[in-house]
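Please look through the sequence and the model below, and then follow the report section by section with the structure in view.

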Amino acid sequence: MRVAALGLLVAVSSVLQAGAAAAETTWAVMDVTSGTFLGGQGGKTRRPPASLAKMMTLYLTFEALRAGRLHWDDRIAMSANAASKVRMKLNVKAGTTISVREAVNAMIILSANDAATAMGEHLAGSEAAFARRMTEKGRQLGMRDTIFATPAGLTARAPQLTTAEDMARLGLALKRDFPAQYKLFSQRSFVFRGRTIHGHNNLMYRYAGVDGIKTGYTDAAGYNLVSSLSTPKSHLIGVVLGGRSAAARDNQMAALLNRFSHEKSVTVAAARPAGKAGRKGVKPVAAEDADDDEAEAETTAPRPADRPMEVADIIDDADLEQGDGGMPVAAEHVSARSSWTIQVGTSGSRKGAETLRDHVGDLLKAGGKTARGTVIASGSGHKALFRVRFSGTGSEKDAASACRVLKRSHVSCLPVRHS
């Protein structure tokens, strides 16, 4: 009883510590070659990992593959528990199966909560048992301040905490121990049952040399990111935990990689408006991708391959998880030639979506913007999802301007072009 009580006290203390630090981001940058930290702020502060926890689920998956306990074509059962997880997910029915390869790609590219849960259950029998393995492996890798609770990183029912330094150690372990499998983190899409699914690790689309690793979001965690920079002169792993928005987090990571990189060709410049030509070989960042008050630094670097335009339901990692009762952005983008709306969130209940609609409507009105809010329902039962959109914003420029009004109030927003 005393041991259990002590464990509970430690967990509660850790949660309180994480909550106290939630007002600002924590970060760490590690040199891959030496394994030493080049800089950091609050690098030992415990915070929820969100989907960064899937990095450990993948580590243990790769370990099982190497040991022969698992094979790429093995089938993984999708339990009712796994199938019930919130988005993002493969959304396959309970009682069906997916391959190990499909599960791995889904975890890396889609950040699928159902695939991660199914893998954990397959390897250890239950989420709880697998979480114990995750924490134990973390200790072996030097992650002394990390407690895992679920394979997917969802934290609604159990405390799950890590630090920026520990996540850097995990990123290094993946690169060092599984170099062949690590290349999977640079994938931008995969095909699942005839459907092409695109990823949402935006730095890989914007900045040359970034080859992964993982994004994450929950209400409790904020916006998290582990990034790897691999260039002829620099091999770095950066971690940012607790960003206020995906754009602000990405901007901070870009600035950190520039700060500690030896690449002279990579510079820091203010974000440019969309459509403006930058210097040769440089891709400007769209204005709506950066918060007005947080666009202090934006990396300009040799342009990587273009991102596909036809991205359905998967644009930004703000839609990764709906755990902890939050209403993250539903990122839906349709390639067409007509009007623009803005999409500001999703909820598992109509009442929650209506509350969000009314709140956002008041913010837009106060900002001098005229738009009509609607709630769009899809699915049914436990799969029901209610999207909140505002129409009447007009052009792409008007939609981006409305989003900037919302982002100043820390409300995520995405312009949507539709037919």
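## The loop between H3 and E4

In this predicted model, Asn91 is found in the loop between helix H3 and strand E4, and although Asn91 is not a glycine, its phi is positive, at about 65 degrees. Most residues other than glycine have a negative phi, and most peptide bonds are trans. The relative accessibility of Asn91 is 44%, and Asn91 therefore counts as partly exposed, since that label covers values between 20% and 50%.

The loop that runs between helix H3 (80-83) and strand E4 (97-99) is also the place of Met88, and the peptide bond that joins Arg87 and Met88 is cis, with an omega of about 5 degrees.

## Backbone details elsewhere

A cis peptide bond is also found from Gly212 to Ile213, where omega is near 20 degrees. Ile213 belongs to strand E7, which covers residues 210-218.

Arg193 has a positive phi of about 50 degrees, although Arg193 is not a glycine. The position of Arg193 is in the loop that lies between strand E5 (189-192) and strand E6 (195-198).

## How helices H2 and H5 pack

Two packed helices are described by the angle between their axes and the distance between the axes. Helix H2, made of residues 54-67, packs against helix H5, made of residues 113-124, at an angle of about 45 degrees, and their axes are 10 Å apart. The crossing in which H2 passes H5 is left-handed.

Which residues of H2 and H5 meet? On the side of H2 they are Lys54, Thr57, Leu60, Thr61 and Ala64, and on the side of H5 they are Asn113, Ala116, Met119 and Leu123. Sorted by type, the residues of this contact between H2 and H5 divide into five nonpolar, three polar and one charged.

## The chain as a whole

The secondary structure of the chain comes to twelve helices and 15 strands, and of the 419 residues in the chain, 57% are buried.

Key: Residues numbered from 1 in each chain as written. Predicted model: local features only at pLDDT ≥ 70, side-chain atom pairs only at ≥ 80, totals over all residues. Heavy atoms only, no water. Helix = DSSP H or I, 4+ residues; strand = E, 2+ residues; numbered from the N terminus. Buried < 20%, exposed > 50% of the residue type's maximum accessible area, 1.4 Å probe, protein only. Axes fitted to C-alpha atoms, helices over the stretch in contact; angles between N-to-C directions. Left-handed = near helix turned anticlockwise from the far one by under 90°. Contact = heavy atoms within 4.5 Å. Nonpolar A, V, L, I, M, F, W, Y, C, P; charged D, E, K, R; others polar.
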